[in-house]
Amino acid sequence: MATKIIKDVYTEYLSGSVIVTPPASNVEFAAGAAKGGQLLTRYTISDKNTARQIFRGGELLKAILERLDAGSSMIYAVRIGDAQKATLILKSGETDVIRLEAAEPGTWWNAIEVDVTVDGDSRTIEITDPDTEETSAFTGDSNDALVEAINGGQTLITAVKLADDLPDAVTGESLTGGTDGETLTNGDYINAIEFSEQFTDVSWVHFTGADTPALWTAIVTSCRNMVENVLGERFSILDMPRFEPVDSENPTPQEIQDYVDACIALKVDFTDRNAVFFAGEAKLIDSDGSEYVNRILSSCSGKMAAMSLQKSLIGESPGNIISLVPEFLRGQQVQLIQANINYLRTQSGIGKIIALSNNAPPTGETYNRVEKLRAVYSAGKQARIAAFPHLGRPNDEGGEGLKLLEEDMKRPLELMVQKGEIDSYELSVESTDEMRTLGEAQVTLSVNSMKAFEIILTKVYLD
């Protein structure tokens with residue numbers, strides 16, 4: 001049950017025919033370290049080629065590709081970290097004359113090769129792309145001309161004139177000093193959390209590598225503030241620490257149990273309806289066809305994004321996972337379920353399946369499943385969108401505008417019921433004389449989303 005005071009909503013606006021386009025309910029926000037892309041810049045990703053071209057490598061790229069392989073269709077991806085740009089100074093004797101700087105921070109740009117050829121009073125500067133090995137050549141008889149030609153003729157580097165003297169000859173020099181900023185600080189994550197709040201169409205957020213209770217608290221606090229201040233509906237996919245056995249191919253039973261115990265202990269005092277945890281790792285395939293081990297979280301998130309509202313994740317399998325590392329025993333699965341931690345399991349004839357879709361709500365919380373919470377949040381979002389045409393209009397005397405507001409807010413909810421996205425709802429709009437003077441209406445919305453349930457499979461013997 002949610003009750004909100006909405007200002008300036010009952011009006012002379014005669015509607016009864018507002019058509020609401022359902023908002024996207026599967027937009028993901030992913031932030032992390034990468035080898036390419038500008039820092040704290042949102043990139044909208046819907047395909048793997050674009051992701052590779054922008055981010056070039058790193059944990060963020062892995063998280064994006066794993067999501068896309070599992071079913072994601074739209075990701076707002078943001079690179080964070082203390083990455084530095086690679087540079088090369090061209091000289092004339094001991095004088096710095098032209099500064100070449102990578103277009104983006106990262107180690108990838110350290111491999112860009114530069115050659116300078118002297119031809120009388122002119123210079124030719126050649127810039128070679130390390131991936132394609134294609135070379136772009138720029139010729140000029142002044143540094144102004146060279147800088148203008150370089151900046152206008154390619155996108156790998158930018159050039160800045162430092163002095164008038166033409167540069168000396170250079171053969172096979174490479175840019176240096178580029179770093180990826182792979183080690184993320186709490187400050188990097190906090191900046192990303194604050195940055196994410198401007199994107200109100202995001203359904204859930206994931207900050208790769210943020211695996212401490214302090215960072216979890218910052219993330220879910222942001223989500224809660226977004227919801228309570230009616231800025232957007234979202235929940236968070238939270239990282240557990242990595243599973244790091246001595247031999248990743250053959251973890252011992254004790255190492256697996258220690259990992260389960262550590263995960264449970266870490267979140268024992270952490271509860272929030274907007275938090276979703278996944279424990280465990282799996283073997284995946286990267287863009288080059290090489291196998292690697294990573295958290296299952298991004299693949300499971302991508303699977304969630306591909307699901308229709310209110311559809312259960314039970315029995316669903318992220319197709320990009322080769323095998324689980326580790327495979328939890330039955331008793332360990334029970335421990336994780338009791339602690340509201342999700343995981344993957346194998347089942348004969350089915351493969352890797354998502355066993356549950358719990359969030360981590362406080363005791364007594366009504367909405368304790370991901371699919372239910374998604375449906376509730378989407379219902380609130382669509383009802384508010386339907387109310388937008390009523391905002392800021394003059395008050396009417398008979399209260400007709402108030403009735404129209406209620407009718408328009410119910411219309412998208414009725415559609416959700418028809419499509420099976422919610423089971424039922426109750427919505428009412430009220431306004432006292434005092435509230436009318438202030439231009440306020442009290443809207444109360446209750447959404448019932450109860451279709452998701454655990455399917456219990458057992459053997460049946462017939463006599």
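# Briefing on a Predicted Protein Model

Strand 14 (residues 275–278) is covered on both of its faces: Ala275 and Phe277 are buried on one side, and Val276 and Phe278 are buried on the other. The structure described here is a predicted model. The protein has 463 residues, of which 51% count as buried, and it contains 11 helices and 21 strands.

**Overall dimensions and surface**

- The C-alpha trace of the protein spans about 85 × 70 × 35 Å along its principal axes.
- The protein has an accessible surface of about 21200 Å², and carbon and sulfur atoms contribute 49% of that area.

- Strand 13 (residues 235–239) pairs with strand 14 in the parallel sense, and four bridges connect the two.
- Within this pairing, Leu238 has Phe277 of strand 14 as its bridge partner.

- Three strands form an open sheet in the order 5-6-10, and their pairing is antiparallel.
- Strand 5 (87–92) and strand 10 (157–161) each have a single partner strand and therefore stand at the edges, so one side of each has no neighbour in the sheet.
- From one strand to the next, the twist averages 20 degrees.
- Strand 5 is joined to strand 6 (residues 95–102) by six bridges in the antiparallel sense.
- Lys91 stands opposite Asp96, a residue of strand 6.
- Helix 3 (residues 143–153) lies across strand 6 and strand 10, and its direction is at about 160 degrees to strand 10.

**The packing of helix 4 and helix 5**

- Two packed helices are described by the angle between their axes and by the distance between those axes.
- For helix 4 (residues 186–196) and helix 5 (residues 213–228), the axes come within 10 Å and cross at roughly 10 degrees.
- Angles under 35 degrees count as roughly parallel, and helix 4 and helix 5 are therefore roughly parallel to each other.
- Helix 4 contributes Asn186, Tyr189, Ile190 and Ile193 to the contact, while helix 5 contributes Leu215, Ala218, Ile219 and Ser222.
- The residues of this contact comprise six nonpolar, two polar and no charged.

**Backbone features in loops**

- The peptide bond from Val325 to Pro326 is cis, with omega near 10 degrees.
- Pro326 belongs to the loop between strand 17 (323–325) and helix 8 (330–338).
- Leu40 has a positive phi, near 45 degrees, although this residue is not glycine.
- Leu40 is located in the loop between strand 2 (28–32) and strand 3 (42–45), and its relative accessibility of 35% places it in the partly exposed class.
- Glu133, likewise a residue other than glycine, has a positive phi near 60 degrees.
- The loop between strand 8 (122–128) and strand 9 (135–140) holds Glu133, which is exposed with a relative accessible area of 65%.

Definitions and conventions: Residues are numbered from 1 along each chain as its sequence is written. This is a predicted model: local features need pLDDT of at least 70, side-chain atom pairs count only at pLDDT 80 or more; totals for chains, interfaces and linings use all residues. Side-chain values use heavy atoms; hydrogens and water are left out. Axes are lines fitted to C-alpha atoms, for helices over the stretch in contact, and angles run from 0 to 180 degrees between N-to-C directions. Angles under 35 degrees count as roughly parallel, over 145 as roughly antiparallel, 65 to 115 as roughly perpendicular and the rest as oblique. Contact means heavy atoms within 4.5 Å. Ala, Val, Leu, Ile, Met, Phe, Trp, Tyr, Cys and Pro count as nonpolar, Asp, Glu, Lys and Arg as charged, and the others, Gly among them, as polar. Buried means under 20% relative accessible area, exposed over 50%, partly exposed in between (1.4 Å probe, protein chains only). Two strands pair if DSSP finds at least two bridges between them. Accessible areas come from the Shrake-Rupley method with a 1.4 Å probe; for residues, only the protein chains shown count as cover.
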